[in-house]
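Hi,

Here is the structure I promised to pass on. Have a look at it first, and then read on for my notes.

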Amino acid sequence: MQEQSLPQMSPGDEDNRTSLENAHPSFWRNPQPMDNYSLAIVGGGPAGLLTAHMAATLGAKVALVERNLLGGQCFNVGCIPSKAIIRTSRLYAEMRTAENFGAQVPSGITVDFQRAMARMRQVRARISRRRCSVQRLSSMGVDVYFGEARFAGPRTVIVDGKTLRFRKALIATGARPKLPSIPGLAEAGFLTNENVFNLTECPRRLLVIGGGPLGCELAQALCRLGSRVAIAQSDPMFLGKEERDAAQILSDALARDGIEVHLNTQVTGVRVEGKQKFVDLITDDNKRTVAVDEILVGIGSVPNVEDMNLQAAGVKYDSEAGIPIDDFLQTTNPRIYAAGDVCSEHKFPHIEAAAARIVVRNALFCGRKRLSTLAIPWCTYTDPEIAHVGLYVREARAKGIAVKTFTVLMHDVDRAISDAEEEGFVKIHVKEGTDKILGATVVASHAGEMINEISLAMGSGIGLRALARVNQPYPTQADAIKMAADAYNRTRLTPALKWLFKQWLAW
Amino acid sequence: MVEPSAPSHEELLDCFQRAAFGYFLHGCNLTNGLVADTSRAGAPASIAVVGFALSSYPVAVERSWMTRADAAARSLVTLRFFWNSVQNDQPNATGYKGFYYHFLDLQSGKRVWQSELSMIDTTLLCAGILTVSAYFTENNESETEIRELADKLYRRIDWQWAQNGKSTVSLGWKPECGFLHYGWEGYNEAAILYVLGLASPTHPLSDESCYTAWTATYQWENIYGYDLLYAGPLFIHQFSHAWIDFKGIQDRFMREKGSDYFENSRRATCVQREYALRNPHEFKGYAENCWGLSAGDGPSPQTLRLDGVERRFFGYAARGVPYGPDDGTIALPAVLASLPFAPEAALAAVIHCRERYPGIATDWRLPSGFNPTLAKSGPWISEGYFGLDQGIIVLMIENYRSQLVWKLTRQCPFIRTGLDRAAFRGGWL
């Protein structure tokens, strides 16, 4: 049996020790396998954990295999730690712009980076107790195994020298940061989401490579925490999949924070001189070099598909695209499902959660629930936040669907004006001539919260017209959604209808 | 003593238009027809400004500001220069593949500022070339040569090459790095680029699907109660319209929406006014008759604290509504260019701004921008004049007054063919 080294978290403070004891305790001994598991889960990230939780609650015999930390990227080096420091960074930004809120700018604002990171670790440890605790999982009846999983056949997986037989399996091994092949980068050293949260000092100067959600969120947060940040994005706009106006607002917001924005820019080389890292950038024919102390890479992720002997299980995979699945989340071995970052284009934990529910239903109860039927929103937690659900206009038009968008600017929303949070918009796309909601994009300070109403409407088949009839407290920033619905209703008031109303009211 | 009566609208427009034309009358290098990008010292020539200058010569002839022979002579010098200038892939050429570099040395005509071989600016130049070709129809030696050169210049442009194997046309090309990464995707000022590119008898765009690709990124939005094909800056809703009369003609997209691009520009103008009324950033001056965000000069990049508010200002930038950027700079030339679409609103705004801020048009020629938020004794005013502003003013006032440019281009077979291939139907087609 190969001895597994225990995962480490840096710095080794009380909170990180708590997180470790929850997510991969040093004392843990793998159990003796049952005869045949109803469901074997490989990967203890959000998808794996939720599936295990639901399946065990319903009485299934469940095995869960994790090689590192329960909670995966999301809880340990992703969503949770990033949101914690984003909150602190937003507070600093608000302090600096206190006059916009009718308050006095506090004198001598000094960023306590170590305090911000300590709070992040505290938050992570607290959440890990509830969400990533191996003891909690075990007490629910889930057999938790730590170690590398290797399939030995279509119904067998081996971990830590123990053979686990299963009727159904789920692969939810997630993804890891994608690394660019830039000459000199590896030698110079760089950060990814896997180690940026280990920082104990804020980099004085930072270059972020990649303008996706991770790159933009961390660039803004670290800038607000005191780093002088430049960001280089190879595409002509940030958040390549989002709509142009949203990306433009984000670009302006980052520039306003003081971030040096380099769009349409390639990083061609890195060299180290003394303690400085010199990074060469090229934009069309314009070459320049920036000097920084740290480099953060956030250009996407690659699926964790290697070393599992997936061939033996009859599961096809691609090292770039991950594991191909059908709409029921089944892999090429219909007994084995896949969910989460290992197979999904959209790498968000709540999408993993939605997939987990489908897996439980389809794998254990012969269900035929389709992933494509779900309206799944996502959000980039910059300031302002950028949230989306459903189709983009270009996607709808590519399908031959005529689209009309009802746009409400946040500067028309009373509560947003009161909150001095006027930047952004709500755009709700409907099928032309109907009120069927095809998709929506929200750019606002709290877009992640606001998108939920539209997701609910889409998931429940509720049209835009009905959203105008929703009674809600006044004032809220979510009024913007109702205002979009009102705008839709006004377009139904044709001249003929107006004439009829006039006649009726005159009578 | 009798108070002088206020000028009539017609007199007012005549003053603005003639002052704008003065830029081309006096700013043209008569040896090669090139016109400076701006009136600032050392400014190079802009090929797009030359396109506007060429288009303004027929206007000047019809308004008796210039003789026909003089206008023909200027046009001929210009066309001869472009036909005979160096076309190759070297960094100091004037053009390549029939396209031209955005900025040229005013004297030598060679590329400057390491500028890009510009597809849109070549298009605007080409629009001017086709305009003079449509106007100078007499059978004398110079007018015949104008028509021949115009035909040859248009036929030399390799539109398909400019696609770089893609479905849309590339923004530009440089000898140092090849094609720029951006492509011309709608909606913006490049409609006329696709019309001219589709019609070429020699090197047309690959097929009609490239127009579909250009429209694939269109968004039909209801903003402030107006349904429109959205684009932020005003000039986007004006530049193609300077040459093509889009009133009543519809492509597939506009047929689906029951509108046309002319009506769309009218609504875009209304949205601009609505935005100014809302004035979300509380800039000084913005009002029902003080609006108009577009591409243009600004107070230069700087962040200042004014009246307790941190303000970020920009230099030359494409300002737009409602998403910005907005630094309080009004582009009055773009307001005047809204005249064909929303004459009452445009005139009211120009009259108001001129009365409220007399320094912005002392000799009737309009600066690129002014900014009442950044004020000392008066608003910040852009230094000198920009050729594009003067060009769009001359052409759009004329289209409002007599539709001269539109009438000329309606006779241009290439523009008709291009519109047809882009599936425009109805109206004057």
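Predicted model: local features only at pLDDT ≥ 70, side-chain atom pairs only at ≥ 80, totals over all residues.

The predictor gives the complex an ipTM of 0.94 and a pTM of 0.94. For chain B, the mean pLDDT is 96, with 99% of the residues at 70 or more.

Chain B as a whole

You'll find 14 helices and 15 strands in chain B. Its radius of gyration is 21 Å, close to the 22 Å that the globule rule gives for 429 residues, so chain B is as compact as a globular protein of that length. The C-alpha trace spans about 60 × 50 × 45 Å along its principal axes. Of the 429 residues, 57% count as buried. If you look at contacts in chain B with a separation of 6 or more, 66% of them come from residues 24 or more positions apart.

Where the chains touch

How many residues of chain B are in contact with chain A? There are 24, and they meet 27 residues of chain A. On the chain B side, strand S8(B) (residues 220–223) gives the most, with four residues. That side divides into ten nonpolar, eight polar and six charged residues.

Strand S19 of chain A (residues 403–409) is joined to S8(B) by two bridges, and the two run parallel. Here Phe406(A) stands opposite Asn222(B). Within chain B, S8(B) is also joined to strand S9(B) (residues 226–229), this time antiparallel and by four bridges. In that pairing, Ile223(B) stands opposite Tyr226(B). S8(B) and S9(B) form a hairpin with two residues between the strands, and Tyr224(B) takes a positive phi near 50° there.

A sheet in chain A

Chain A has an open sheet of four strands in the order S10-S9-S8-S14, with parallel pairing. Its edge strands are S10(A) (260–262) and S14(A) (294–297), each pairing on one side only. On average, neighbouring strands are turned by 15° against each other, direction ignored. Five bridges hold the parallel pair S8(A) (residues 205–209) and S9(A) (residues 228–232), and Arg205(A) has Arg228(A) as its bridge partner. Helix H8(A) (residues 213–224) lies across S8, S9 and S14 of chain A, and runs at about 165° to S9(A).

Cheers

Key: Residues numbered from 1 in each chain as written. Chains lettered and ligands numbered in written order. Rg over C-alpha atoms; globule rule 2.2 N^0.38 Å. Buried ≥ 20, exposed ≤ 12 C-beta atoms within 10 Å, placed from the backbone. Contact = placed C-beta atoms within 7 Å. pLDDT = per-residue confidence, 0-100. Nonpolar A, V, L, I, M, F, W, Y, C, P; charged D, E, K, R; others polar. Pairing = 2+ DSSP bridges. Axes fitted to C-alpha atoms, helices over the stretch in contact; angles between N-to-C directions.
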